[in-house]
Amino acid sequence: MGHWWCKESPEESSKLSLITYLEHECISHLSKKLQYCSSNQEKLHIYNTMAIIYEQLAEKEDKSNRLNSLCHWKDAQRNYEMAHEAVPENLDANLEYWYFCSIAYCKKVDYKNAKENIIEALRLDNKNKGICGVLPALWLSEIEYHTHKPISYLFDMIAGTSAGGFIAAGLSVPSWKSYNTRNHLFYDDLKYSVLNPKFSALDLLNIYQSEIKNFFTTDSSWSFSKSKYTDKGRRSLFYRHFGRMYLNQALTELVIPAVNNESNLAQTHLFTRHNAIKNIKNYTFVDALMATTAAPTFFPSYKIEGRGIFLDGALHLNNPSMAAYEKANQYNVEKEKISVFSLGTRSYISDSLVLPQQEEPIRLDDYESIPNLLELGHQYIEELDASDENPINKLVESFEILST
């Protein structure tokens, strides 16, 4: 197997050396500070910070000095281990540790161990996901309320992973006709709107409140070797709302990530409207959603005949914003004309994701917490409405400027 290196200019090399020097100075400072720490929480913070710095050093030297890069990866791993020992019960420390180990194994082309570690990371990181998708749906419903327009009118592209994939698909699937015959529901997918979405963000919010518990179905033959839930509830909910519609019929560009499990988790697969229209790979909405929501330990992997076996897209792209940005570039959209509006349920919304008097983050399948989440979300929106710095108002103003 061949290797390649990028030859750096003297100016780039000098800049890299200066940055590397500053990072080593920072590590030295933190190491001295660590000697006087008495609090485990403070030690945790320092170890995690040092691990991140070593990761950055490893990535910077990966192309120019592979040996140094591997040494930095080892130092990062050591610091994550120390962080784990300082506060073993800390969710984020455990998550970062398993996630880092998966990267380290990938660097060594050991995909079997990389797969086991990333699945463990996802198991831990399935907190504040799943049913927490109700929060982005709430925000999007507020935007639709203020603009009096559906999201598919406001954005040229919508991206989402896992539960976010359901929201993205729901906002871009076109409205079509259905009819009942002898208590059976039939879909006329030849008669669909090229303008109007089937769902508003408020509709998706109502689905979360009234139907999401049916998403999590079990059977009497469950064992520890099986996933916690079956595919029955998931498939039924998706088919009921998306029928036989295909991605090429979506009202906006669509990016929904999944992971192809047949290639040892090495390949990210993007379900896109662009590829579907070009007849490269056209999938049904149901297939794309079954793939992106197949969270290991919670649901079984999902097989699409002739296409592969898929797992939850969050294994690779928990936040698909960059993937969407890169796709926009590939579609020849000028960078200066690209604006990204990103909604998440972990890094940027902290207090809202922990219920009152509750220490543990919210589980992926904890649908009983939805009323509490919505109450907190509405309280936050009310506070924003009373503020002069309401980001929703600023966003609405930007849409008005773009439409003139």
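Colleague: Which residue forms a salt bridge with R273?

Modeller: This is a predicted model, where local features need pLDDT of at least 70, side-chain atom pairs count only at pLDDT 80 or more, and totals for chains, interfaces and linings use all residues. Residues are numbered from 1 along each chain as its sequence is written, and side-chain values use heavy atoms, with hydrogens and water left out. A salt bridge here is a side-chain nitrogen of Lys or Arg within 4 Å of a carboxyl oxygen of Asp or Glu. With its closest N and O atoms 3.1 Å apart, the partner of R273 is E253.

Colleague: How many residues apart in sequence are the parts that R273 and E253 tie together?

Modeller: Helices (H or I, at least four residues) and strands (E, at least two) are DSSP runs, numbered from the N terminus. R273 lies in helix α11 (residues 273-277) and E253 in strand β4 (residues 253-260), so the distance in sequence between the parts is 20 residues.

Colleague: Is E253 buried or exposed?

Modeller: Buried means under 20% relative accessible area, exposed over 50%, and partly exposed in between (1.4 Å probe, protein chains only). E253 has a relative accessible area of 15%, so E253 is buried.

Colleague: Which helix holds E211, the residue paired with R240?

Modeller: The R240 and E211 salt bridge has its closest N and O atoms 2.8 Å apart. R240 lies in helix α10 (residues 232-242), and the pair ties together parts 29 residues apart in sequence, because E211 lies in helix α9 (residues 201-211).

Colleague: How many salt bridges are found in the whole structure?

Modeller: Besides the pairs above, R234 and D231 meet through their side chains at 2.4 Å, N to O. A search of the whole structure gives a total of three.
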